[in-house]
Each structure stands twice: as structure tokens, then as C-alpha cells.
Amino acid sequence: MRHISEYKLYLVISIFFSLALTSCSTEEVNDEIVEESIADGTDDPEENTDPEENPETGAITFDDNFDLSEERSFTNFVLSNVEYNKFITGEGDLRLVTEKAYEYLNDSYDFIIILSVEASQPDDLFFGRFTPVSNGIEGIGGNTFNNAASYGSEGKLKGIMYMPRSEYVRNGPFLHEIAHAWANKNFLPTTVGGHWGYAGVGGQLGGFDELVSLGGNSYQGRLNNEDGFGTFANGGNSIAYGNLELYLMGLIGPEELEAIQVAENPQAGGSFGQFTADAITVYSPQEMIANNGERVPSHQNSQKEYRALTVIISREKLEADKMENIHSNLENFSRQAEPDASWGSLHNFWKATQGKASFSFDVLPAHIK
């Protein structure tokens with residue numbers, strides 16, 4: 001069974017933060033694998049020739065429509081107009097992309113990132129979507145499952161992210177979509193499925209970090225000392241992961257987990273971040289862990305280094321300046337240090353996790369079949 005929710009309300013939030021538009025959508029899955037046929041015209045692996053390396057640039061051509069960039073940081077998959085248009089209307093065939101990747105690359109990746117190259121946000125389309133593929137972690141809400149085989153993975157793949165613009169690696173919602181690998185899988189009650197909603201998480205999946213009572217069961221949620229917060233998301237890549245998100249990611253232990261306020265039966269008010277609620281319930285760290293079980297593996301044994309394969313889909317092969325921009329943003333996002341000045345105050349993965357985890361996009365020789 002599969003449940004997909006798409007969220008487009010973050011346009012209002014991003015205006016208040018004066019940042020790039022971000023939004024999200026989640027697709028929740030369980031142990032049941034839904035078989036779908038991929039589009040006709042995919043290559044037969046037995047007919048593939050050895051990859052060809054360009055002696056001048058170092059780029060690798062796997063076949064006429066699938067290349068590896070000279071920096072070895074991303075691949076470019078040229079699709080037909082029909083298949084490409086499916087992605088920018090929300091109906092893209094993920095298996096078409098993942099099975100192409102696994103024809104030539106080993107099962108070395110925790111995530112596959114699919115990016116279109118639209119110049120502007122397509123109308124009526126989510127800004128990002130995370131598709132869970134497997135989960136072997138206990139105590140974070142939801143079930144353990146593994147549907148990796150249905151996408152061509154031998155078991156390592158955890159999730160697939162799709163965003164319609166490559167610029168969203170820098171501006172967001174990239175950090176947001178990554179957070180869906182661990183949260184909110186009903187770890188806390190919410191009226192905003194897959195997100196924190198009216199809860200005091202103050203992280204990538206929404207929520208406030210300060211709550212002011214206005215009297216009469218009315219409240220003002222605040223974030224970073226400013227009135228207002230998002231119930232779906234907060235400020236794109238300008239916001240670090242919240243305390244609870246770090247716990248669910250396995251980056252801090254229960255002794256560092258903080259209590260969380262959750263509004264009961266919240267109703268949005270007329271001003272940004274204001275709402276009414278029947279009550280505010282405080283969940284202590286002990287209560288949250290008792291309700292969901294201890295995280296297994298614990299933060300002492302959890303994975304902290306992640307590898308992703310980035311596949312840029314396009315109607316024609318990418319121009320050099322576009323490839324340079326994509327590589328720059330991927331390099332900044334994966335730095336185990338602050339991103340360069342072109343990112344301003346935006347967070348990369350290392351910064352958003354307080355230096356506790358890393359994200360890599362490199363395609364190494366050992367990853368190529």
C-alpha cells in the first residue's frame with residue numbers, strides 16, 4: 001500500500017522568509033512491493049558496450065543517453081520529451097531512472113537524487129518529493145521494510161528524491177527531503193501528515209521553537225526569534241535540523257533529546273504563526289522513547305556517512321555552464337565544512353547536522369561495473 005501527499009503551501013512561508021520557494025511531498029510505503037513496468041526503449045544490459053572515457057575532459061559515456069560528468073559528481077540521463085514531461089507533471093517513472101543507473105553502476109548508494117533542469121518552478125507541481133525505498137531502523141516511527149529490489153538495488157538503497165530544479169540543491173528543499181528518510185513517520189502526532197505541523201521541533205519539517213500564549217487558547221509560534229513558522233517546512237536550506245530530527249537521524253542520543261510541545265486540535269489563525277488549540281501537550285524524551293521504542297541502532301552505532309547518486313534528467317545533453325553550476329552546488333552541499341560565499345548563510349548537510357554527518361556524491365571507479 002502506498003500513500004502519497006503533496007504539499008504546495010510553502011509558497012506563503014517562503015515569502016515571509018524572503019528565500020527561495022521550497023515545498024515538499026512525501027510518499028510513504030510499507031513492506032508491500034507494487035510492481036510497475038518501466039517504459040519501453042530501455043537498453044538491454046547484455047547489449048551494453050564498455051564505457052568510453054573522454055581523454056580531454058575525463059567524462060565517461062556509458063551509452064548515447066547516459067553520461068558521467070568529468071568531475072564524477074553526477075550523471076546526465078537524456079530522456080525523450082514524453083518521459084521527461086512526466087516528471088515535471090508529477091508522474092515521472094522513478095524505475096526508468098534507477099534501473100538505468102544500476103545497469104552501469106554498483107549498488108553503492110544510500111540515496112538516488114533525480115533533478116530536472118527547469119528554469120522555473122513548474123505550475124501545480126511539488127517542489128520536492130521523497131520516496132522511501134527501505135528502512136531498517138527501529139524506534140523512529142513507522143515500520144521496517146525493504147523494497148529496494150523493485151528499483152534495481154540489491155538492498156542498499158534507502159530512498160529516492162526528485163526535485164524539478166537543480167538549484168534546489170542550494171536553496172532547498174534538499175535538506176528537507178533528506179529529513180524524510182527518518183521523520184516524521186508518526187513519531188509525534190500531527191495534523192500535517194509526514195511533517196511536524198504545530199509542534200515545537202523547529203526543524204526542516206516545520207514547527208516552532210518558541211511558543212507564546214496569547215490567552216483564550218490562542219498562541220503565537222515563533223522561530224529564530226521571529227513571529228511565524230511553517231507547519232510543512234521552514235526557510236529552505238537556511239534552517240538547520242532540529243533537535244528531534246538529529247535524534248531520529250541517529251546523530252544525538254536520548255540524553256540530548258529535548259521535550260516537545262504539541263498543539264492539540266490546532267486551527268490556523270489570521271496572522272503568520274498564530275493558531276488556536278484545545279491544549280498544549282508536552283512530550284518528554286522519556287515519553288517519546290516509550291511510545292516508539294529505543295532507536296536501533298543507537299546514535300553510537302548509527303550510520304553517519306551517506307553516499308548519493310545524482311542523476312540529472314534532461315531532454316538533451318547538458319551545456320558546460322549548467323554542468324559547472326550543478327557540480328558547484330553538489331560540491332558545496334557535500335563539504336565537511338562551511339559552503340563557500342556563493343551560498344551566503346545557507347546550510348549544507350554538514351552544517352545542518354552540526355558537523356555530525358556527511359553526504360557524498362562522488363562516483364568512484366569501484367562504483368562502476
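Analyst: Start with Trp 182. At 3% relative accessibility, Trp 182 counts as buried; buried means under 20% relative accessible area, exposed over 50%, and partly exposed in between, with a 1.4 Å probe and protein chains only. This is a predicted model, so local features need pLDDT of at least 70 and side-chain atom pairs count only at pLDDT 80 or more, while totals for chains, interfaces and linings use all residues. Residues are numbered from 1 along each chain as its sequence is written, and side-chain values use heavy atoms, with hydrogens and water left out.

User: And is Tyr 306 buried or exposed?
Analyst: Buried, at 4% relative accessibility.

User: Which aromatic cluster residues are there?
Analyst: One cluster includes Trp 182, Tyr 241, Tyr 306 and Trp 343. Phe 111, Phe 130 and Phe 333 are also among its members.

User: How many aromatic pairs does the structure hold?
Analyst: It holds 30. Rings of Phe, Tyr and Trp (its six-membered ring) pair if their centres lie within 6.5 Å; planes under 30 degrees apart count as stacked, over 60 as edge-to-face and the rest as tilted.

User: Give me a tilted one.
Analyst: Phe 62 and Tyr 104. Their centres are 5.2 Å apart, with 35° between the planes. The pair links distant parts of the chain, 42 residues apart: Phe 62 is in strand S4 and Tyr 104 in helix H3. Helices (H or I, at least four residues) and strands (E, at least two) are DSSP runs, numbered from the N terminus.

User: Where do those two sit, buried or exposed?
Analyst: Phe 62 is buried at 3% relative accessibility. Tyr 104 is buried at 4%.

User: Switching to charges. How many salt bridges are there in the whole structure?
Analyst: A search finds 12. A salt bridge is a side-chain nitrogen of Lys or Arg within 4 Å of a carboxyl oxygen of Asp or Glu.

User: What about Lys 351 and Glu 338?
Analyst: Their side chains form a salt bridge, 3.3 Å from N to O. Lys 351 lies in helix H9 and Glu 338 in the loop between H8 and H9, so the pair ties together parts 13 residues apart in sequence.
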